[in-house]
Amino acid sequence: MLIKLPRSSECKASEITPEGLYLSRRVLMGGSLAGLALGTLPGNVLAGEPSRYPDVQAGKAPDWFAEKLPDTRWQAVTVQNEAVTPFKDATHYNNFYEFGPDKGDPAANADSLKTEPWSVVIDGEVGKPGRYALEDFVKPYQLEERVYRLRCVEAWSMVIPWLGFPLANVLKQVEPTSKARYVRFETLEDPKSMPGQRSGFALIDWPYEEGLRLDEAMHPLAILAVGMYGRELPNQNGAPLRLVVPWKYGFKSIKSIVRISLVAEQPKTTWQGLAPDEYGFYANVNPTVDHPRWSQARERRLPSGLFSPNVRETQMFNGYADEVASLYDGLDLRKNY
């Protein structure tokens, strides 16, 4: 059971950085992403300064990450009037079945994951396929902090400040061919470091796979994350590279990515393959389409406890309807769940 933390440990998104550190504020994409605020901070904000997130445990950032961090665009996207989930909850209440089926298993077991060296394969319907060392893969892109809601299909939710860059930037660089219609993602398969992959009880056919339509992947809200809470990603949160698609249920935001393939046909996805009547390809957050075993109309925002439940109404597309609803014009979202 999660215990409700004192309100003194909570901070609103607008309070993540003191107002005096803002240089500017404008609307993302010239106002096309309504309700999301932008800002930039001086490049040396973190140099010699205490953590912007007091409850965050220091990590061991790789050199390439430490070099990019000073130029980060802090609070590039935020949510209004939302409390950021405490770091401990975001890093100790996870689904990452490669490390075990329980929520605490990833934090307990993920230290075995070796994230250096790491490479990412880009292949399929692209003009520039190849295998890229992670430091070379991320080198062209400025990091941005994106404070996003995260809604799990299990009806719990968080608000997390990610560090990453738009997936669209990568896809443009590798030059999709005219045949590319979908993007397929693949997680590391390494039973030696991932005990969940060694389990004889696991029903998953490893490696874990996910996918997006190409236009979904090109949307400016979809990012590849390499950090969170002002530091590199903890292993249990998908280090060193994960997808974040904030208008979809969390299982779409695949962790520890080793391959990105552009393909002509809709790819198979892990949970759709296991239970197609429960987990569809689209997995858009939709309070009107229940999971066969529970309602999706409401969600439990962490931290939350038995005697202090933090329950709220689920928003269509997780609150990003103004930005992404047009992607699904004419699509039956009850059939294409």
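How many bridges join β7 to β10?

**View 1. Strand β10 and its pairing with β7.** The two strands β7 and β10 run antiparallel and are joined by 5 bridges. Within this pairing, P166 stands opposite I223 of β10.

**View 2. Pairing of β10 with β12 and β11.** Strands β10 and β12 pair in the antiparallel sense over 3 bridges, with I223 opposite V244 in β12. Strand β11, residues 231–232, is also antiparallel to β10 and is joined to it by 2 bridges; here G227 stands opposite E232. A hairpin is formed by β10 and β11, with 2 residues between them. In the turn, Y229 has a positive phi of about 50°.

**View 3. The open sheet containing β4 and β13.** Five strands form an open sheet in the order β5-β4-β13-β8-β9, with mixed pairing. Its edge strands, β5 (130–133) and β9 (209–213), each pair on one side only. Neighbouring strands of the sheet are turned against each other by 20° on average, direction ignored. Between β4 (residues 119–124) and β13 (residues 257–263), the pairing is parallel over 4 bridges. The bridge partner of V121 in β13 is R259.

**View 4. The largest nonpolar core and the surroundings of W247.** This core comprises 89 residues, of which F137, L224 and W247 touch the most other members. Strand β7 (residues 156–166) gives the most to the core, with 7 residues. In soluble globular proteins, nonpolar side chains tend to be buried together. Leaving aside residues up to four places away in sequence, W247 touches E216, H219, L221, A222, N284, V285, F317, N318, Y320, V324, L327 and Y328.

**View 5. L302 in the loop between β14 and β15.** The loop that holds L302 lies between β14 (298–301) and β15 (311–313). L302 has a relative accessible area of 2% and is therefore buried. The C-alpha atoms of L302 and V84 are 9.5 Å apart in space, although the two residues are 218 residues apart in sequence.

**View 6. Confidence along the predicted model.** The protein averages a pLDDT of 87, and 85% of the residues score at least 70. Over residues 1–50 the pLDDT stays under 50. For this stretch, the model has 109 contacts beyond four places in sequence.

Methods: Residues are numbered from 1 along each chain as its sequence is written. This is a predicted model: local features need pLDDT of at least 70, side-chain atom pairs count only at pLDDT 80 or more; totals for chains, interfaces and linings use all residues. Side-chain values use heavy atoms; hydrogens and water are left out. Two strands pair if DSSP finds at least two bridges between them. Axes are lines fitted to C-alpha atoms, for helices over the stretch in contact, and angles run from 0 to 180 degrees between N-to-C directions. pLDDT is the predictor's confidence in each residue, from 0 to 100. Contact means heavy atoms within 4.5 Å. A nonpolar core is a set of buried Ala, Val, Leu, Ile, Met, Phe, Trp, Tyr and Cys residues joined through side-chain atoms within 4.5 Å. Buried means under 20% relative accessible area, exposed over 50%, partly exposed in between (1.4 Å probe, protein chains only).
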